[in-house]
Amino acid sequence: MTRINSSPSTPGSGPAEASNGSEPTTHIVPGGHGHAFEVKRGTAFRIIDLHGQQIVDLMAWVLPYPSSLEHLSMSYTRYVLNGEAPPAVGDCLVTNKQEPIFKITADVCHTHDMTFMACNPAFYAAMGLKGHRSCAENIAGAMKPWGMESYLEATAVDPFNVFQNTPDMSLKDLGCSRPGDVIEFDVLKDAVVAVSSCPYDVDGFGGGKATDIAVVTGLKPQRA
């Protein structure tokens, strides 16, 4: 049985349940907010777009954080995949040590972004939207219990933008994920993962409104 934690994931509220493989746990991340959780090698986790067209910024750091200095890296992943994007089922996302951290074992949407940074306060301020929620702040807030002190620490890592359809660096309303779309990862290194239900809603992007997502941890790994 999957336990569901539907309480709001407010930044800095404390670490979520660590994935220990004993029982799957589902955490609902409110639209426009962030969530962080630990995963163990030999388990799996999945991200679910509950309502469709919701982008999810995903970052990860190898434990112990921050002393390991190893994190999920989009530039290294693009290199390992010979520039092919997005990665397909069976492909691995790698770290800045060029070592696999996650393996994609299921993917319904098949459309993700590996080039854009996380939206941040300066990004919105330049558009006259000072004070707008941002992925960088969401992730920094969720990572506060692990010692992250500033959103600038989050901007140092480019995210894997799950369900984001932005070919040729386009920022148009090109959402493609549907309600219930899922991507699942086998965990290859002990890590802390942070996700943000992206609050970017300008000009109808992402459906024009940030919506809830679900994160399921403690799953048994698959073989893709």
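**Backbone exceptions and nonpolar packing**

P64 lies in the loop that runs between strand 5 (56–62) and helix 1 (74–80). Here helices (H or I, at least four residues) and strands (E, at least two) are DSSP runs, numbered from the N terminus. The structure is a predicted model, in which local features need pLDDT of at least 70 and side-chain atom pairs count only at pLDDT 80 or more, while totals for chains, interfaces and linings use all residues. Residues are numbered from 1 along each chain as its sequence is written, and side-chain values use heavy atoms, with hydrogens and water left out.

Most residues other than glycine have a negative phi, and most peptide bonds are trans. P64 is joined to L63 by a cis peptide bond, with omega about 0°. A cis peptide bond also joins Y65 and P66, with omega about 5°, and P66 is placed in the loop between strand 5 and helix 1. H71 is likewise found in the loop between strand 5 and helix 1. With a relative accessible area of 18%, H71 is buried; buried means under 20% relative accessible area, exposed over 50%, and partly exposed in between (1.4 Å probe, protein chains only). When residues up to four places away in sequence are not counted, H71 touches A60, W61, V94, T95, N96 and V157, contact being defined by heavy atoms within 4.5 Å.

Positive phi values occur at two glutamines. Q53, which is not a glycine, has a positive phi of about 65° and is located in the loop between strand 4 (44–49) and strand 5. Its relative accessible area of 30% makes Q53 partly exposed. For Q98, phi is near 60°, again positive in a residue other than glycine. Q98 belongs to the loop between strand 6 (92–94) and strand 7 (100–107) and, at 42% relative accessibility, counts as partly exposed.

Aromatic packing was examined next. Rings of Phe, Tyr and Trp (its six-membered ring) pair if their centres lie within 6.5 Å; planes under 30 degrees apart count as stacked, over 60 as edge-to-face and the rest as tilted. By this rule there are 9 aromatic pairs. In one of them, the ring centres of F45 and F102 are 5.3 Å apart and the planes stand at 80°, so the pair is edge-to-face. This pair links distant parts of the chain, with F45 in strand 4 and F102 in strand 7, 57 residues apart. Both F45 and F102 are buried. The rings of F102 and F185 have centres 5.9 Å apart and planes at 55°, so this pair is tilted. Since F102 lies in strand 7 and F185 in strand 10 (residues 181–187), the pair ties together parts 83 residues apart in sequence. F185 is buried, at 0% relative accessibility. One aromatic cluster is formed by F37, F45, F102, F160 and F185.

A nonpolar core is a set of buried Ala, Val, Leu, Ile, Met, Phe, Trp, Tyr and Cys residues joined through side-chain atoms within 4.5 Å. The largest such core has 29 residues, and those with the most contacts inside it are F45, I47, L58, F102, F160, F185 and V195. Two or more residues are given to this core by each of several elements, including strand 3 (34–39), strand 9 (160–162), strand 11 (191–197) and strand 12 (213–219). Strand 5 supplies the largest share, 4 residues. Another core lies apart from it and has 24 residues, among them F123, W146, A194 and C198.
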